[in-house]
Amino acid sequence: MLKLIKYELRKQMLSKVIMAVVMVLLTALFMFVTYKNDHRAAYATLAVLFLTMVIAITYSAIEIATYFGKDITTKQGYMLFMIPYGSKTILAAKMLSAIVQVLITTILFGFLLALCVSVYLWKNYNAKTFFEGLIMLLEYVFEIDIQLGTVINTIIIILMFWVLAVTLSMFLDTVSTTLFVNRYKWSTIVCVAVYFLLFYLIIQGLYMVESIPIPESIFNPIGYIYMIIIDFALFFGTAWLMDKKLSI
Amino acid sequence: MLECKNLRKTYFRKTAVDNISLELEEGKIYALLGPNGSGKTTFMKMVAGLVKPTQGTISYKNQQIGVNSKKEVAYMSTEPYFYNYMTVEDVGKYYADFFEDFDMSAYRELVDEMELDMQTRVNKLSTGMMAKVKLAATLARKAKLYLLDEPLNGIDLLTREKIVTAILKAAGEDCTIVISSHLVEELESFIDGAIFIKNGCNVMVGDAEEMREIQGKSIVDMYKEIYA
Amino acid sequence: MEYENNIPIYLQVMNRIKKDMIQGKLPMGAKLPSTRDMAVQYHINPNTAGRIYKEMEQQNMCYTKRGLGTFVTEDATVFAAMKEAMAEEVLETFIKEMKDLGYSKDEVMSVIEKRYERETD
């Protein structure tokens, strides 16, 4: 499976390199404006850096969905489906390579952010701890209250939504290629509409599930469990369709 | 080693394969013959696992087509399919990564024979060169069942000789080769059997030498009879 | 090598090899190519090549030494018999064809004499 992941990453290498270059350039810009004591520009550059990361992660999801679409509808798919791997393994490899890409993006961002903040603090203040400085910076720029637990919770939720977005798109892609190609071709607008509709319905389900009263506890896992079940259902559904119905 | 019963594949408006039932034996070389659109490619793709049958069964060594059969079945399609960023060498590495029976040094030899450069990007190859790379990659595998779809198409005469030589070198008692082609005359001298497909059905399966001995007819003669 | 349409391939290749042997291209005791090399050389199936060697061995035209290969027979009588058998075939066809054309035995003999005289000139 590792080799599959390797090739999935290789396919999307170009966009990752571009993203990395842009982020490094922004960091260099930050260094420059910090040196020039242009505080507003410094905050703006950091905001743009953050925005770049968000765009990169969003784009990764779109790219994965696009490549998957190509794999199941064009001859390029032969590369994936001639090799002796089952659909579940192939899908899992795609998912894992997707997560790896998100990790690379966020770690790079984290590293560059740490670099920027350190340089800023060194230039403008005396030896405050890094975290104090970081929180101060974030609170100033984004005007929000930071607590570690909330941060981690937010990250996990974002990751889950991201995984859902990718899994749902691969599922719908497979459905339209296998079950509907004989009856009527879905136009792009219909596809996008169905996608957002299903996404919305799943989130509604999440709210319903979360409102079920459970005994008092610090940590309410029911939302996570629901999302995981949905993700697995979509995953296995996609794999089953690929195995039984997919013809390239 | 390969058995198909009442194989059928329909698409929205057309029937690509109507009814194919046949049995292939180990160690033989078969020609898959028939005009364009008769279902040869669809048949091969079903055996390769790329197309799922609408009806009927295929079994490879008494197993369903799947992960295990893909380990031993090598399919060479007519269309190009490599990833755009790859070089000729990358194609070899890909095959080496996923197929245990792939022999990298055999691949290098074949690429050399066909006068290709390992460092060329695949999206810079002409149709003829692409065909050679596909062939080299497929034949460098020590597969048990080779499915070659029109391997001689668009290839110049001298290279065709090299390709036939490569095929004959790959042939043996433990593998089966199915070659689909229009160029019946080129295949005539070395095939064991011929599978004639007409309108998605297999009209007949003939043993080449038997047809000569008993009926005094060559494959070319049979072809003209069946499709006239 | 070009093949005729209505004769089994293995027979055609065997005849060619027999001819090569009689003409001295494959002298007694010479090493014959492997089945794979023969397949490539004559554009035939390796199975067919194997079958040919088997048939030839049965007719004592060649023998196999384990691990070393297949060799042309060193038995001169076999060569002579082969030569005779092949000549016999040619004669049979020749005589039949000439008969079909209406030549009598004496006419055939004189035509042959004249032809050979021309060849020695």
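Which helix of chain B holds B:D112? The residue lies in helix α4, which covers residues 104-113 of chain B. The structure discussed here is a predicted model, with an ipTM of 0.86 and a pTM of 0.84.

**Chain B**

B:D112 is exposed, because 12 other C-beta atoms lie within 10 Å and a residue counts as exposed at 12 or fewer. A separation of 80 residues in sequence lies between B:D112 and B:D192. In space, their C-alpha atoms are 29 Å apart.

The secondary structure of chain B consists of nine helices and nine strands. Its radius of gyration is 17 Å, close to the 17 Å that the globule rule gives for 228 residues, so chain B is as compact as a globular protein of that length. The C-alpha trace of chain B extends over about 50 × 35 × 35 Å along its principal axes. Buried residues account for 48% of the 228 residues of chain B. Of the contacts in chain B between residues at least 6 apart in sequence, 71% connect residues at least 24 apart.

**Chain C**

Chain C contains five helices and three strands. In sequence order, these elements of chain C give the pattern α-β-α-α-β-β-α-α. The radius of gyration of chain C is 18 Å, whereas a compact globule of 121 residues would have one near 14 Å. Along the principal axes, the C-alpha atoms of chain C occupy a box of roughly 55 × 35 × 25 Å. Of the 121 residues in chain C, 22% are buried. Among the contacts in chain C with a separation of 6 or more, 53% involve residues 24 or more positions apart. The mean pLDDT of chain C is 87, and 99% of the residues score at least 70.

The following table places the values for these chains side by side.

| Chain B | 17 Å | about 50 × 35 × 35 Å | 48% of 228 residues |

The strands of chain C deserve a separate description. An open sheet of three strands in chain C is arranged in the order β1-β3-β2, with antiparallel pairing. Its edge strands are β1 (31-32) and β2 (62-65) of chain C, each of which pairs on one side only. Four bridges join β2(C) to strand β3 of chain C, residues 69-72, in the antiparallel sense. Within the sheet, C:C62 is placed opposite C:V72 of β3(C).

**Contacts between chains**

How many residues does each chain give to the contact of chain B with chain A? Chain B provides 18 residues and chain A provides 18 residues. On the side of chain B that touches chain A, the elements giving two or more residues are α2 (67-72) and α3 (88-98) of chain B. The largest share of this side, three residues, is supplied by α2(B). By class, the side of chain B that touches chain A comprises eleven nonpolar, two polar and five charged residues.

The contact of chain C with chain B involves 15 residues from chain C and 21 residues from chain B. On the side of chain C that touches chain B, two or more residues come from each of α1 (9-22), α2 (35-42) and α3 (46-58) of chain C. Here α2(C) supplies the largest share, three residues. The side of chain C that touches chain B is made up of nine nonpolar, five polar and one charged residues.

**Domains of chain A**

The domain assignment divides chain A into domain 1 (1-146) and domain 2 (157-248). In the contact between them, 17 residues of domain 1 of chain A meet 15 residues of domain 2 of chain A. On the domain 1 side of this contact, at least two residues come from each of α3 (39-73), α4 (77-81) and α5 (87-124) of chain A. The helix that gives the most to this side is α3(A), with eight residues. By class, the side of domain 1 of chain A that touches domain 2 of chain A holds eleven nonpolar, five polar and one charged residues.

Key
Residues numbered from 1 in each chain as written. Chains lettered and ligands numbered in written order. Predicted model: local features only at pLDDT ≥ 70, side-chain atom pairs only at ≥ 80, totals over all residues. Buried ≥ 20, exposed ≤ 12 C-beta atoms within 10 Å, placed from the backbone. Contact = placed C-beta atoms within 7 Å. Nonpolar A, V, L, I, M, F, W, Y, C, P; charged D, E, K, R; others polar. Rg over C-alpha atoms; globule rule 2.2 N^0.38 Å. pLDDT = per-residue confidence, 0-100. Domains from an automatic or database assignment. Pairing = 2+ DSSP bridges.
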